[in-house]
Amino acid sequence: MKALSFYKDLFAEYASIVNANAVDIMKVAALGKKLKLEGFQAESDVCFRISINVMQNFIKGGQVDNALAMENVIYSSFVKTTETEEHYHECFKHWVGPLQELGRKQRAPRGPDRDRNKVCFVMQNAVLLGHTEVMLKTIDSWIEAKLGADLYVAALGGVDPSFANMLKARSIQLLQPMIRDGRQLQASEALPHLRQQLKDLNIHTMVWLSVPTAASYALPLQLAPRQVFWSLKFHPVFVPEADVHISDGHESEVTRVYNGQQWTVAPFPLTVALKDNKPEDVKAYRTKFPKDAVLLGTLAREEKITSPTFLSAVCAILARNPKAHYLWTGREQPAPVLAAFQGAGVAQRCHFIGWVDTNLVAEALDVFLETFPFGCGVTGFQAMRLGTPLLSMQAADTLYSRTAARAKLAGRVGSRADMDAAEILTAADPQHYVEL
C-alpha cells in the first residue's frame with residue numbers, strides 16, 4: 001500500500017490544476033493517467049476533458065502540429081490505459097471528425113493511376129512490435145509467392161537500426177518523410193513530403209499500418225491514389241478517403257461492422273517463425289522460480305493485463321491453486337494490477353518479468369493465460385506452437401475468434417457447450433475461465 005502522503009500529494013496536484021487559470025497540459029495528461037491507474041476515474045475524466053478542450057482548440061485554430069502532438073499525448077495518457085473497442089471509440093470520437101476536416105483543407109487531387117504493383121506501408125515507428133512483425137510476415141509471403149509487387153516502407157517516427165536491417169535484407173526501400181535535406185520536419189510538413197515521395201516513386205497504393213493516431217489528418221490529405229487503412233487492433237478511426245478499411249476476423253467472414261462502419265475482413269498471419277530454444281535455457285529460466293511451482297503466465301503489453309475482469313480471474317485462479325505462480329510482462333507495473341494482486345493476497349506469487357524474449361518464456365510456462373476482452377495475438381500463437389497449453393476467452397478480439405471451429409459463434413456469446421466446439425481451450429465467461 002502507498003503511504004497516505006502519496007495520495008495527499010496526488011490530490012493537491014489535482015486541486016491546483018482544476019483551480020488554475022492556465023495549465024501545463026503535459027502535467028494535466030500525466031496526472032490524469034496517474035489518477036486513472038490509481039483508480040480515481042472521475043478525477044482522471046476531468047483531466048481528460050481539459051486535454052480534449054486543448055486539442056479541439058488547436059484544431060479550430062488550424063494548428064496541425066500542436067493538434068497531432070496533443071492527440072499522441074491523449075492516446076498515451078488516456079486511451080491506451082483501457083484496451084477495449086468501446087473505450088477507444090468513445091475517446092477518439094471527440095476529435096476524429098474535426099481533424100479529418102482539417103486534413104481535407106490541405107487535400108491534393110487524387111491524380112491519375114500510378115504503377116499498381118507499387119505498395120508502400122506507412123508506420124509510426126520502425127521497430128519490431130506485434131503489428132510490425134505481422135507486416136513483415138505479410139511482406140515475406142508476397143516475396144515468397146513472387147507476386148511481382150514493388151514494396152516500400154515509410155516511417156513517420158523513429159527507426160530502430162535492427163528493423164532497418166530487416167527491411168534492407170528484403171531489398172525494401174525505407175522512406176523517412178520526417179527528414180528532408182538533413183532537417184527534421186514537423187508533421188504538417190512531413191505528411192505532404194511523404195505524399196510527394198510517393199508521387200515521385202510512382203507508388204499507387206499506400207497502406208496505413210494500424211496505429212490510429214495521425215490517421216484522421218493524414219488520409220484526407222490523399223497521400224496516394226489508392227489508400228488502405230489496415231487495423232490490427234481496434235477501429236476508432238474510419239476515414240472516407242480510405243478506399244478499403246481492413247480488419248481481422250475469421251477466415252469465413254467477409255465483412256465486420258465496427259461503430260456503424262463496414263470493414264473488410266482479412267485474417268492476419270499472427271503466427272511467426274519459431275526459434276529453437278535450447279533445453280538448458282528453458283530449464284535455467286524455470287529455476288528462477290520455486291521448484292514445485294506451476295508457472296502460469298501472460299506475455300502481453302501491460303494495458304491488456306490491466307483489464308479488471310481478466311485480473312479478477314487470474315487472482316481467483318491463484319487463490320484456488322497455492323502452488324501456482326503468475327508471470328506477467330510489460331514496460332511498467334500499473335497500480336491497478338499490483339492492487340489486485342495485493343487485495344487477493346497472491347502478490348508474492350505474481351512476478352513482473354518486464355520486456356522479455358517471448359519465444360523463450362512461452363516455452364518455459366506451464367499454461368499461457370490469454371487476456372480478455374482483448375487477446376494476445378502473436379505471443380498466444382507462439383506459445384501454442386511451442387507446445388504450451390493456452391486458455392482463451394470467447395470474445396471478438398481473442399484467439400478464439402480467429403480459430404473458432406464454427407465461425408458463426410465468433411464474436412457473439414455462446415454457451416459452455418458451444419465453447420467445447422472451439423479449436424482451442426475456450427471459456428464462455430470469467431467464471432468458466434477460472435474453472436477451466
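Select Tyr75, Tyr88, Ser210, Pro212, Phe229, Ser231, Lys233, Phe234, Pro236 and Val237: these residues line the second largest cavity. On a 1 Å grid over the protein atoms alone, a cavity is a set of points where a 1.4 Å probe fits but cannot get out, and lining residues have an atom within 4 Å of a point.

The model is predicted: local features need pLDDT of at least 70 and side-chain atom pairs count only at pLDDT 80 or more, while totals for chains, interfaces and linings use all residues. Residues are numbered from 1 along each chain as its sequence is written, and side-chain values use heavy atoms, with hydrogens and water left out.

**The largest cavity**

The structure holds 2 cavities of 30 Å³ or more. For the largest, with about 80 Å³ of space, select Lys233, Asp248, Tyr258, Asp397 and Arg402, which lie nearest its centre among 15 lining residues. Strand 9 (255-258) and helix 17 (399-403) are the elements that give two or more residues to this lining. Helices (H or I, at least four residues) and strands (E, at least two) are DSSP runs, numbered from the N terminus. The lining of the largest cavity splits into 5 nonpolar, 5 polar and 5 charged residues.

**Aromatic rings**

Rings of Phe, Tyr and Trp (its six-membered ring) pair if their centres lie within 6.5 Å; planes under 30 degrees apart count as stacked, over 60 as edge-to-face and the rest as tilted. The whole structure contains 18 aromatic pairs. One of them joins Tyr75 and Phe92 edge-to-face, at 6.1 Å centre to centre and 70° between the planes. This pair links distant parts of the chain, with Tyr75 in helix 4 (residues 64-79) and Phe92 in helix 5 (residues 85-92), 17 residues apart. Tyr75 is buried at 11% relative accessibility, and Phe92 is buried at 0%. Buried means under 20% relative accessible area, exposed over 50%, partly exposed in between (1.4 Å probe, protein chains only).

Next, select Tyr285 and Phe289, whose ring centres are 5.9 Å apart with planes at 55°, so the pair is tilted. Tyr285 is buried, with a relative accessible area of 9%, and Phe289 is buried with a value of 9%.

Select residues 226-230, strand 7: 4 of its 5 residues are buried, so the strand is largely enclosed by the rest of the structure. Strand 6 (residues 203-209) pairs with strand 7 in the parallel sense over 5 bridges; two strands pair if DSSP finds at least two bridges between them. Strand 7 also pairs in the parallel sense with strand 8 (residues 244-247), over 3 bridges. Pick Trp230: this residue is the bridge partner of Leu209 and stands opposite Ile246 in strand 8.

The next stop is an open sheet of 6 strands with parallel pairing, in the order 13-12-11-14-15-16. Strand 13 (350-354) and strand 16 (426-427) stand at the edges with a single partner strand each, so one side of each has no neighbour in the sheet. Strand 12 (residues 324-329) and strand 13 pair over 4 bridges, and Thr329 has Gly354 as its bridge partner in strand 13.

**Helix 13**

Select residues 308-320, helix 13: its 13 residues should span 18 Å at 1.5 Å a residue, and the end C-alpha atoms are 18 Å apart, which agrees. The expected span is 1.5 Å times one less than the number of residues. Phe310, Leu311, Ala313, Val314, Cys315, Ile317 and Leu318 are its buried residues.

**Backbone stops**

Most residues other than glycine have a negative phi, and most peptide bonds are trans. Phe372 and Pro373 are joined by a cis peptide bond with omega of about 10°; Pro373 lies in the loop between strand 14 (367-369) and helix 16 (377-385). Lys146 has a positive phi of about 50°, sits in the loop between helix 7 (130-145) and strand 2 (150-155), and is exposed, with a relative accessible area of 74%. End at Asn259, in the loop between strand 9 and strand 10 (261-265), where phi is near 55°; Asn259 is partly exposed, at 34%.

Technical notes
On a 1 Å grid over the protein atoms alone, a cavity is a set of points where a 1.4 Å probe fits but cannot get out, and a pocket is an open set with protein on both sides within 12 Å along at least five of seven lines; lining residues have an atom within 4 Å of a point. Grid points are joined across faces, edges and corners, and a volume is the space filled by probe spheres set on the points. Ala, Val, Leu, Ile, Met, Phe, Trp, Tyr, Cys and Pro count as nonpolar, Asp, Glu, Lys and Arg as charged, and the others, Gly among them, as polar.
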